Amino acid sequence: MTLDTNYWADFYSGQHTLEPSAFSKFVLDFFWDQNQLNILDVGCGNGRDSYALAKKHNVTGIDTSSYLPKATNLADEWRTGRCNFETADLTTYDKADFDLIYSRFSFHALDDKQQLTFLKSIRKPGTYLAIECRSDVGIDELRVHNKRHFRNFVNHQRLDNQLSKLGFIGLYAMEATGFAPYQTEDPVCIRTIVQKI
């Protein structure tokens, strides 16, 4: 499976909310007592969470989508001067300069091999990783969206085991509905925050 960059370019060229996700608000609260962090928002889409996180922290948003350069055209009220964007491969991008790797709904867009490559690319001790993704508890839900976007639902226990083997310690973990309701959908999602040791 490869990421369909044309699918995402088409997706984000439509009308989509600039309202930050509930996960970005959760992560901001979780790290509220931290000094200004350097955050990498992987799979940043239209930049809505990047801009929200940049209200307190320095953020680089990366995405494979050709739409990405247009993300800087967002409304002025979302600009903070602490946010920039790059077109890049989120699995292999150099993450050494970042304190927190933020991934909302990008992890389940990767196949198993890409997921492992992504996790292994986080090498610096002390680096935080915050993931929100669809759980395989929702395996009967729509796996292919719009005939072009494949969802690789994530097994929570398997993810925990991978993270542990790669030298991450758990700080928060939850699997539930109510994290990312959208129109008529309320999928089971995994939220996890870990730190590389």
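The legends below accompany close-up views of a predicted model of one protein chain.

**View 1. Overall make-up of the protein chain.**
The protein chain of this predicted model holds 5 helices and 9 strands, and from the N terminus on these elements follow one another in the order α-α-β-α-β-β-β-α-β-β-β-α-β-β. Of the 197 residues in the protein chain, 51% are buried. The chain exposes about 9,700 Å², of which carbon and sulfur atoms supply 48%. When contacts between residues at least 6 apart in sequence are considered, 68% of them join residues at least 24 apart.

**View 2. Helix α2 and the elements that cover its buried residues.**
Helix α2 spans residues 22–30, and its buried residues are Phe-23, Ser-24, Phe-26, Val-27 and Leu-28. The cover over these buried residues includes the helix α3 (48–53) together with the strands β4 (100–104), β5 (128–134), β8 (168–176) and β9 (189–196). For Phe-23 the relative accessibility is 0%, and this residue therefore counts as buried, the limit being under 20%.

**View 3**
A search of the whole structure finds 10 aromatic pairs. One of them is formed by Phe-23 and Phe-26, whose rings are stacked, with 6.3 Å centre to centre and 15° between the planes. Both residues lie in helix α2, 3 residues apart, which is about one turn of the helix. An α-helix has 3.6 residues a turn, so residues three or four places apart point the same way.

**View 3. The tilted pair of Tyr-93 and Phe-98.**
Tyr-93 and Phe-98 form an aromatic pair of the tilted kind, with 6.4 Å centre to centre and 45° between the planes. Tyr-93 has a relative accessible area of 16% and is buried, and Phe-98, at 8% relative accessibility, likewise counts as buried. Both assignments follow because the limit for a buried residue is under 20% relative accessible area.

**View 4. The crossing of helices α4 and α5.**
Helix α4 (residues 112–120) and helix α5 (residues 156–165) have axes that come within 11 Å and cross at roughly 35°, and the crossing in which α4 passes α5 is right-handed. On the side of α4 the contact is made by Asp-112, Gln-115, Leu-116 and Leu-119, while α5 contributes Arg-158, Leu-159, Gln-162 and Leu-163. Sorted by class, the residues in this contact of α4 with α5 are 4 nonpolar, 2 polar and 2 charged.

Most residues other than glycine have a negative phi. Phe-105, found in the loop between β4 and α4, has a phi near 60°, which is a positive value in a residue other than glycine. Gln-183, which lies in the loop between β8 and β9, has a phi near 55°, again a positive value in a residue other than glycine. With a relative accessibility of 71%, Gln-183 counts as exposed, because the limit for that class is over 50%.

Conventions. Residues numbered from 1 in each chain as written. Predicted model: local features only at pLDDT ≥ 70, side-chain atom pairs only at ≥ 80, totals over all residues. Heavy atoms only, no water. Axes fitted to C-alpha atoms, helices over the stretch in contact; angles between N-to-C directions. Helix = DSSP H or I, 4+ residues; strand = E, 2+ residues; numbered from the N terminus. Left-handed = near helix turned anticlockwise from the far one by under 90°. Contact = heavy atoms within 4.5 Å. Nonpolar A, V, L, I, M, F, W, Y, C, P; charged D, E, K, R; others polar. Buried < 20%, exposed > 50% of the residue type's maximum accessible area, 1.4 Å probe, protein only. Areas by Shrake-Rupley, 256 points an atom, 1.4 Å probe, with all protein chains shown as cover. Phe/Tyr/Trp six-rings, centres within 6.5 Å; stacked < 30°, edge-to-face > 60°.
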